[in-house]
Amino acid sequence: MLAVLTAIPLLAWLYLLLAHGRFWRADQILPHEQDALNSYPPVAVVIPARNEADGIARTIQGLLSQDYSGQISVWLVDDSSDDGTADIARDAAQGDQRLTVIENQPLVPGWAGKMWAVNTGLSAVPADNVYVLLTDADIIHEPGLLRRLVTKSEHEGLVLTSLMVRLNCETVWEKLLIPAFVFFFQKRYPFPRVNNPKQQIAAAAGGCMLIRKSALDAVGGVTSIRDAIIDDCALARLLKKQGPIWLGLAEQTRPLRQYTYLHEIWDMVARTAYTQLNHSPVLLIGSVLGMIVLYLMPVVSLVCGLLAGDSAIALPAAFTLSLMTICFLPTIQLYRLPLTWALTLPVAGLLYGLMTWTSGYRHWRGRGAGWKGRTYSRTGDIGHQSHD
């Protein structure tokens, strides 16, 4: 039995390394050098914001200081904030008329909170805007980002150009879990396959989504995904039917939020992991068991093989751990961590398995996914809010 449990992850990691869309290379990066456009089309930036006083000023300043020669307008949708988010945003703009603050209407039943705010912003965007940039209220965008996004989109005829922002990786828990989070996301949605028009798989990262407005209008805006919690990937699936999309990894654009403690990352993952599994107990059990077999079993086999002096168990297990480390190294390098951190992936895998189980448990207890204080325990609860 141990030999079988040793062989399964070995075969799995061979497949992941050789045949799973080259996801592990972490090489889908937005180009720095591109042929300049003759003219740059107007872009409207839509930001849903709910109690973002700590970071909204830097987000607004970063957007208004973009080195983009085309027209930029920023539409901030203040979703019932009680911390002065709207006033702080206005102060940060220092009278720049490109910023418009919209007070959102009360949440309508059937809508997830974030999607309702995004819909309000999109409704205000003038029709002559060629692109819409959907972003979060706690992200610092590097000065040249918008120009690079639009240039790539125009050159390649993309309907969606998205970046997974560079998450902070400074505290011990961030170093252990953030690169692994990015690695797991790439494994779930291999970026080269997402970026291949011939492949059906689609994904995006909600913190930075440049969308061709004509394609967005063609799918009815965000109305068809109004109850989506994992809205970025849901929107990407719709948009890929309209044309090619591209998803990459950001090198500088980053969120302001840091995760100092384990429970902060735990809560972040647990809010939506069970939603990702379509609220299926079968998929939950299968996912957790899969994480155990894929990440923990090679360690157990290696230890048992060494203690028993059984090289037929120890050597394949060691080879499996080597494959795992090789796959993880490019993501570790992307986050500029010492290469030895690649050896921690089994620990991260175990913790993420427990977080996924926690997500299912919370759902069964009536605390499901949420956004900024609104939690949704089941689809029928969308549009009704409770507070953590």
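Q: What does the accessible surface of the protein come to, and what share belongs to carbon and sulfur atoms?
A: This is a predicted model, in which local features need pLDDT of at least 70 and side-chain atom pairs count only at pLDDT 80 or more, while totals for chains, interfaces and linings use all residues. Residues are numbered from 1 along each chain as its sequence is written, and side-chain values use heavy atoms, with hydrogens and water left out. Accessible areas come from the Shrake-Rupley method with a 1.4 Å probe, and for residues only the protein chains shown count as cover. The accessible surface of the protein is about 16900 Å², and the share of carbon and sulfur atoms is 56%.

Q: What is the radius of gyration of the protein, and what would a compact globule have?
A: Along the principal axes, the C-alpha atoms fill a box of roughly 75 × 50 × 35 Å. The radius of gyration is taken over C-alpha atoms, and the globule rule is 2.2 Å times the number of residues to the power 0.38. For 388 residues the rule gives a value near 21 Å, which agrees with the protein's 22 Å.

Q: How many helices and strands are there in the protein?
A: Both are DSSP runs numbered from the N terminus: helices are H or I with at least four residues, and strands are E with at least two. By that reading, the protein has 13 helices and eleven strands.

Q: What percentage of the residues count as buried?
A: Buried means under 20% relative accessible area, exposed means over 50%, and partly exposed lies in between (1.4 Å probe, protein chains only). Of the 388 residues in the protein, the buried share is 56%.

Q: Which residues does Thr6 touch, not counting residues up to four places away in sequence?
A: Thr6 belongs to helix α1 and is buried, at 4% relative accessibility. Contact means heavy atoms within 4.5 Å. Leaving aside residues up to four places away in sequence, Thr6 touches Ser301, Ile313, Pro316, Ala317 and Thr320.

Q: How many aromatic pairs does the structure hold, and what arrangement do Phe184 and Tyr295 have?
A: Rings of Phe, Tyr and Trp (its six-membered ring) pair if their centres lie within 6.5 Å; planes under 30 degrees apart count as stacked, over 60 as edge-to-face and the rest as tilted. The structure holds 14 aromatic pairs. In one of them, the rings of Phe184 and Tyr295 have centres 5.3 Å apart and planes at 65°, so the arrangement is edge-to-face.

Q: Where in the chain do Phe184 and Tyr295 lie?
A: Phe184 is buried at a relative accessible area of 13%, and Tyr295 is buried at 0%. Their pair links distant parts of the chain, 111 residues apart: Phe184 is in helix α6 (residues 172–188) and Tyr295 is in helix α11 (residues 281–308).

Q: Are Trp357 and Trp364 buried or partly exposed?
A: The rings of Trp357 and Trp364 have centres 5.9 Å apart and planes at 85°, so this pair is edge-to-face. The relative accessible area of Trp357 is 39%, and that of Trp364 is 44%. Trp357 and Trp364 are therefore partly exposed.

Q: Which residue has its charged end over the ring of Tyr335?
A: A charge sits over a ring if NZ of Lys or CZ of Arg is within 6 Å of the ring centre and within 35 degrees of the ring normal. Lys152 lies over the face of Trp246, 4.7 Å from the ring centre. Over Tyr335, at 4.9 Å from the ring centre, sits the charged end of Arg166.

Q: How many disulfides does a search of the whole structure find?
A: A disulfide is a pair of cysteine sulfur atoms within 2.5 Å. Cys233 is buried at 2% relative accessibility, and its sulfur is 14 Å from the closest cysteine sulfur, in Cys208, too far for a bond. Across the whole structure, the number of disulfides found is zero.

Q: What is phi of Arg22, and where does Arg22 lie?
A: Most residues other than glycine have a negative phi. Arg22, partly exposed at 41% relative accessibility, lies in the loop between α1 (2–19) and β1 (43–49). Its phi is positive, near 55°.
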